[in-house]
Amino acid sequence: MRRNLDRLIVPGLAGAAVLLGVVLVARLSRNPQTDDAIVMADIINVVPQVSGTIDELHVVDNQMVREGDLLFVIDQRPYRFAVERARAEIAALDGEIDVTQRRIEGQRFAVEAARAAVHRAEEQAKNAGDTLQRTEPLLGKEFVTPEQVDQLRTAKLTAEAGVDEARQKLDQAEKDVGNLLALRAQRDAAQAALGKAELDLGYCTLRAPFDARVVNLHTAVGQFVAPGPVPVFSLVDDRAWYVVASYRETDLAHIAPGMEAELYVLTDPRRRFRGTVQGIGWAVNPEDLQITPGLPRVERELQWVHIAQRFPVRIRVEDPRPRELFRVGASAVAIVRGGSSPRKTDGEH
């Protein structure tokens, strides 16, 4: 009797184990899970747009800052001098423009009058030349006296001199107008230089662009900083947190943007957080082959006899509180609820 019972129990247990395994595999397939995940947030490098020494430093490493908080101030004196110099140049040009404009206004009709004077002088010179040309042949026939011819020659020379004088006055009047236009162009350039100087002065003060955590701060007052690839420190954007989970390529068929996810962070694994799949990586560098620089490098995973590639899945944490639990690079566990209805996102069809 007991032997018969044993014969029934052993196959029953084996069958139950197989059934449990099938249920577990089906559940994992429907709700892909991975502990190959890390907590992430957007990070920006704080790099000044002007060079100089740090005059004031208002933050310390790992400090929480709010949008608009003062981070540090670069020595403003050289940039204040540049602003004052640009303003002085504009003031000097304004004075020259005013003087030139007054002179032109005082000669409002000078250009037209000068043109008319040139025209009259040219007519007089032409008449004097014509008269002299008609009179000179009469001198040999003694119809006119030498004195009369000399008078006509003098009149012609006087008329030509009058043309030169009238043209000089016209050139001066037109020059005043040209000088005014040039001065106005110089003022426009000086105004642009002032704007640049004021902008540089404003760049001396750096404030937090959003709520963030200060990280990688290793400097002090007096340090020279400048635009370039080396940041003064970095800011971790505290407004949004993500979990980047690496899933096997065989799991991706059960994951889509918009699906709900359960998230656990190992800083406090007892807490459960709700997340939403934001996107699935479309390109990675396998560990044994670099396809192109810039792509994430993800290790393969041995699955039975085939090595499965993993792809990053970006999951947005819906309510990341308390914030103290979220640190960039912290370990996490992600479970995508495959039964949830995905919402369409940009790029998904």
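Predicted model: local features only at pLDDT ≥ 70, side-chain atom pairs only at ≥ 80, totals over all residues.
How many bridges join strand β3 (residues 52-57) to strand β5 (residues 70-74)? Three bridges join them, and the two strands run antiparallel. Let's build up the picture around that pair.

Residues are numbered from 1 along each chain as its sequence is written, and side-chain values use heavy atoms, with hydrogens and water left out.

**The chain overall**

The chain has four helices and 18 strands; both are DSSP runs numbered from the N terminus, helices being H or I with at least four residues and strands E with at least two. Of its 349 residues, 32% count as buried, meaning under 20% relative accessible area with a 1.4 Å probe and protein chains only. The accessible surface of the chain is about 22,200 Å², and carbon and sulfur atoms make up 54% of it; such areas come from the Shrake-Rupley method with a 1.4 Å probe. Among contacts (heavy atoms within 4.5 Å) with a separation of 6 or more, 78% are between residues 24 or more positions apart.

**Two open sheets**

Here, two strands pair if DSSP finds at least two bridges between them. The table sets out two sheets of this chain.

| β2-β9-β7-β4 | four strands | antiparallel | β2 (43-46) and β4 (64-65) |

Valine 65 has alanine 212 in β7 as its bridge partner.

Which loop holds valine 50? Valine 50 sits in the loop between β2 and β3. Valine 50 counts as buried because its relative accessibility is 4%. Leaving aside residues up to four places away in sequence, valine 50 touches Ile74, Tyr79, Asp200, Tyr203, Cys204, Val225, Ala226 and Pro227. One of these, isoleucine 74, lies 24 residues from valine 50 in sequence and 8.3 Å from it in space, C-alpha to C-alpha.

Conventions:
Buried < 20%, exposed > 50% of the residue type's maximum accessible area, 1.4 Å probe, protein only.
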